[in-house]
Amino acid sequence: MSKRFFGITLILAVAILSFFVVGLLMVDSFIQKQGIEEEAVEIATSVKHVKHAAIIPLPLNYEALPGNFLLTDRTTIYVSARDEEKIAELRRVARYLADCISQSTGYLIGVLDAKDIIPKGSILLSTYDAEPNLGIEGYELDVNEDGVYLLAVTPEGVFRGIQTIRQMLPPEIELSNVSEGVMWEIPCARIVDWPTYEERGMMLDVARHFFNVEEVKRVIDLISRYKMNRFHLHLTDDQGWRIEIKSWPDLTTIGGKSSVRNERGGYFTQEDYTEIVNYAQERYITVIPEIDMPGHTNAALASYGILNPDGLRKPPYTAMLVGFSTLMPREEITYEFIDDVIREIAALTPGPYIHIGGDEAHSTTKEDYDYFMGRVYKIVKSYGKEAVGWGPFDTAPGIPSSAVLQRWNKDKTMAEEKNMNIIVSHAQKAYIDMKYYKDSPLGLTWAAYINTKTAYEWDPTDYAPEQNILGIENPLWSESIQTIEELEYLAFPRLLGHAEIGWTPKHMRGWDDYSDRLRAHEKHLKYQGINYFKDPIVGW
Ligand code: TNX
């Protein structure tokens with residue numbers, strides 16, 4: 001082989017090799033670029049996801065899929081279940097969804113029983129063959145271009161899933177009048193979801209200032225939107241008695257009149273209360289009525305002289321300081337009174353619980369308090385209900401492990417020792433009557449300032465052992481509020497964060513993601529007509 005030939009071969013070989021190397025590099029850079037583009041697409045979808053499906057509380061599993069389901073005037077809701085009773089209940093739930101859709105789209109949405117195959121473009125609500133591990137409130141939601149399929153073990157689970165669908169639709173779906181020109185799209189996705197805690201609730205104090213049936217129904221409706229399932233009504237306190245007791249009529253004719261600074265009194269008749277309970281039940285929300293005792297009872301003491309040591313009615317109380325009043329723990333008339341009250345309320349309440357208060361009984365000796373709580377507990381049980389109470393009611397020896405503690409502070413407790421169920425309502429995080437900031441126009445300050453971020457960044461296990469936690473509840477005491485607008489201002493948006501804490505597991509929660517979703521959800525709040533606080537910390 002000549003030197004020249006070898007030289008040419010070498011040049012050729014180098015040329016071929018470099019061709020390959022350059023080619024490979026190009027392919028590689030192409031692949032890399034492709035990767036970046038893919039990543040960009042992914043980011044874009046996730047932004048879109050935040051924009052179009054900012055669901056609160058965050059579902060356990062959310063898989064975004066390409067495309068959208070388009071709701072039209074031909075969309076029909078089908079129901080399917082194994083037995084006639086469930087079908088009837090699902091028809092009612094379907095009607096509820098149809099009405100939600102109709103009011104803003106203007107479409108007349110029909111509800112039909114599913115037979116074999118359902119047409120393209122339909123919504124199916126079904127309790128047929130759902131995975132039992134979804135539990136009572138869990139649901140599976142499949143949205144694809146051909147249809148929306150919502151499956152749950154119970155109609156209650158279907159109802160919770162419907163709230164997810166509503167949040168996935170454009171925010172105009174919340175308006176109560178028809179919006180023209182909106183594409184009623186639901187982004188395609190597959191969701192499998194269930195709650196972390198069994199109880200997720202709100203408490204409303206109607207004793208300090210009264211709120212009427214319509215207002216209470218609105219509150220129930222709003223909390224149902226965020227998958228809450230308990231509504232605790234604080235019905236009696238020093239400043240007012242708000243529930244008609246037929247065997248003790250002066251409780252409302254006298255005790256119902258007063259309120260904080262006498263600004264807003266009133267009471268529910270038993271028919272009113274039943275209307276509230278039924279409205280809540282239609283939304284799969286259990287009402288927990290509270291008769292607070294032995295303290296916080298001035299309104300009762302002002303209604304009946306016989307409940308007082310001197311036989312004289314106390315003057316009505318309209319200030320805000322607490323801890324001065326007490327029923328007489330060693331007098332039988334007290335228990336005759338309580339027996340009547342609990343009997344009448346238990347008869348009107350389908351839920352398993354009656355809340356017997358027990359907080360801040362500073363004018364009752366510990367011995368009397370213990371005796372009193374033990375007696376009242378037995379009365380509650382005798383009417384087939386379980387008792388819930390504020391701390392320190394769990395420290396009374398007559399309160400057994402089957403009772404439920406509502407924990408609001410860090411005072412000494414027996415609940416763990418007794419292995420009681422605990423509802424976590426820690427005042428420094430869960431109280432929605434606290435001011436957001438120093439200069440907030442409404443709210444109290446004794447526990448803390450709680451802005452939207454503080455209200456979100458806590459976990460029930462910070463306050464009780466996991467195995468004892470039944471759930472969480474957000475009390476809205478009403479000393480500082482008199483109107484539904486004021487109520488909404490304190491409750492929203494904080495309540496959404498609490499709803500998520502009760503529903504979504506701790507490891508999936510984070511402020512950055514939550515605040516993104518909250519911002520994206522803002523129009524839904526606005527179009528529901530909620531007077532929410534535009535908390536700057538959310539980035540609003
Ligand atoms: C404490 S916490 C109370 C209520 C007040 C509330 C105001 C608890 C069980 N009792 O009587 O309304 O603070 O934030």
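**Helix α14**

I began with helix α14 (residues 494-503), which lies across β8 (199-205) and β17 (469-476) and runs at about 175 degrees to β17. Helices (H or I, at least four residues) and strands (E, at least two) are DSSP runs, numbered from the N terminus. Axes are lines fitted to C-alpha atoms, for helices over the stretch in contact, and angles run from 0 to 180 degrees between N-to-C directions. Contact means heavy atoms within 4.5 Å.

I noted that this is a predicted model, in which local features need pLDDT of at least 70, side-chain atom pairs count only at pLDDT 80 or more, and totals for chains, interfaces and linings use all residues. Residues are numbered from 1 along each chain as its sequence is written, and side-chain values use heavy atoms, with hydrogens and water left out.

I then looked up burial in α14. Buried means under 20% relative accessible area, exposed over 50%, and partly exposed in between (1.4 Å probe, protein chains only). In α14, 10 of the 10 residues are buried, so the helix is largely enclosed by the rest of the structure.

I picked out E500, which sits in α14. E500 has a relative accessible area of 0% and is buried. Leaving aside residues up to four places away in sequence, E500 touches I55, I56, P57, L58, Y456, R509, Y514 and R517. A polar atom of the E500 side chain is 2.9 Å from the backbone nitrogen of L58. I count polar contacts as pairs of N or O atoms within 3.5 Å; within protein, one must be able to donate a hydrogen and the other to accept it, and residues adjacent in sequence count only if both atoms are side-chain atoms.

**The barrel**

I followed a closed barrel of eight strands, β8-β9-β12-β13-β14-β15-β16-β17, with parallel pairing. From one strand to the next, the twist averages 25 degrees. Helix α8 (residues 332-348) packs on the sheet, where it touches β12 (286-293) and β13 (353-357), and its direction makes about 170 degrees with that of β12.

Two strands pair if DSSP finds at least two bridges between them. I checked β14 (residues 386-390) and β15 (residues 404-407), which run parallel and are joined by three bridges. Opposite W390 stands Q406 in β15. The loop between β14 and β15 holds P392, and a cis peptide bond with omega of about 10 degrees joins G391 and P392. I found another cis peptide bond between M293 and P294, with omega of about 5 degrees. P294 is in the loop between β12 and α7 (298-303).

**The ligand**

I looked up what surrounds the ligand and found 13 residues, of which the closest are R208, Y431, D433, W446 and E479. A residue is near a molecule or strand if one of its heavy atoms lies within 4 Å of it. A side-chain N or O atom of R208 is 2.7 Å from an oxygen atom of the ligand. E479 places a polar side-chain atom 2.6 Å from a ligand oxygen atom. For E360, the distance from a side-chain N or O atom to a nitrogen atom of the ligand is 3.2 Å.

**Strand β2**

I turned to strand β2 (residues 76-80). Five of its five residues are buried, so β2 is largely enclosed by the rest of the structure. T76, Y78 and S80 point one way from β2, while I77 and V79 point the other way.

I found parallel pairing of β2 with β3 (residues 110-113) over four bridges, and with β4 (residues 122-126) over four bridges. I77 stands opposite V111 in β3, and its bridge partner in β4 is I123.

I traced β2, helix α2 (residues 84-105) and β3 as a right-handed β-α-β unit. A crossover is right-handed if, with the strands pointing away from the viewer, the path from the first strand over the helix to the second runs clockwise.

**Loops**

I located D83 in the loop between β2 and α2; D83 is partly exposed at 37% relative accessible area.

I noted a positive phi of about 50 degrees at D116, although it is not a glycine. D116 is in the loop between β3 and β4 and counts as exposed at 82% relative accessibility. K227 also has a positive phi without being a glycine, at about 65 degrees. K227 is buried, with a relative accessible area of 0%.

**Whole chain**
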